[in-house]
Amino acid sequence: VQLQAFGGGLVQAGGSLRLSCAASGRTFSSYCMGWFRQAPGKEREFVAAISWGGGDTYFTDSVEGRFTISRDNAKNTVYLQMNSLKPEDTAVYYCAADPDMIDLTTGPGYWGQGTQVTVSS
């Protein structure tokens, strides 16, 4: 599966952004989907994940309650809605896919290119 993320940009603290990740292929609904981020000088970290059908979602503690993840299997797209953004959310955000949820959160099989999110204070 090929992934293309977009929707990043510059936003003030407290603002919102929605990232999208479009996937190619006819088996999108067979993949768990997720988002990761990498801030300057830091390792890439898990942000959020969603199960095949969208019934289960997972978030890292630092974004719980502020970010939501959703998917539209008819459009082969996964979304990350980011609200109440903080300067520490500044990073390059990557979407990822894997058939297995555990593998998705620890070492996805497929990565998209990153999209920059910058939150100004």
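Modeller: Strand β3 (residues 17-23) pairs with β1 in the antiparallel sense over four bridges; here strands are DSSP runs (E, at least two residues), numbered from the N terminus, and two strands pair if DSSP finds at least two bridges between them. The model is predicted, so local features need pLDDT of at least 70 and side-chain atom pairs count only at pLDDT 80 or more, while totals for chains, interfaces and linings use all residues. Residues are numbered from 1 along each chain as its sequence is written, and side-chain values use heavy atoms, with hydrogens and water left out.

Within this pairing, Q4 stands opposite A22 of β3. Both strands belong to an open sheet of four strands, in the order β1-β3-β8-β7, with antiparallel pairing. Its edge strands, each pairing on one side only, are β1 (3-6) and β7 (67-72).

Strand β3 also carries a cysteine, C21. A disulfide (a pair of cysteine sulfur atoms within 2.5 Å) joins C21 to C95, with an S to S distance of 2.1 Å. Because C95 lies in strand β9 (residues 91-98), the pair ties together parts that are 74 residues apart in sequence. The torsion about the S-S bond is about 55°, so this disulfide is right-handed. The structure holds one disulfide.

C21 counts as buried, at 0% relative accessibility; buried means under 20% relative accessible area, with a 1.4 Å probe and protein chains only. C95 is buried as well, with a relative accessible area of 0%. C32 is also buried, at 3% relative accessibility, but its sulfur is 14 Å from the closest cysteine sulfur, in C21, which is too far for a bond.

Conventions: Buried means under 20% relative accessible area, exposed over 50%, partly exposed in between (1.4 Å probe, protein chains only).
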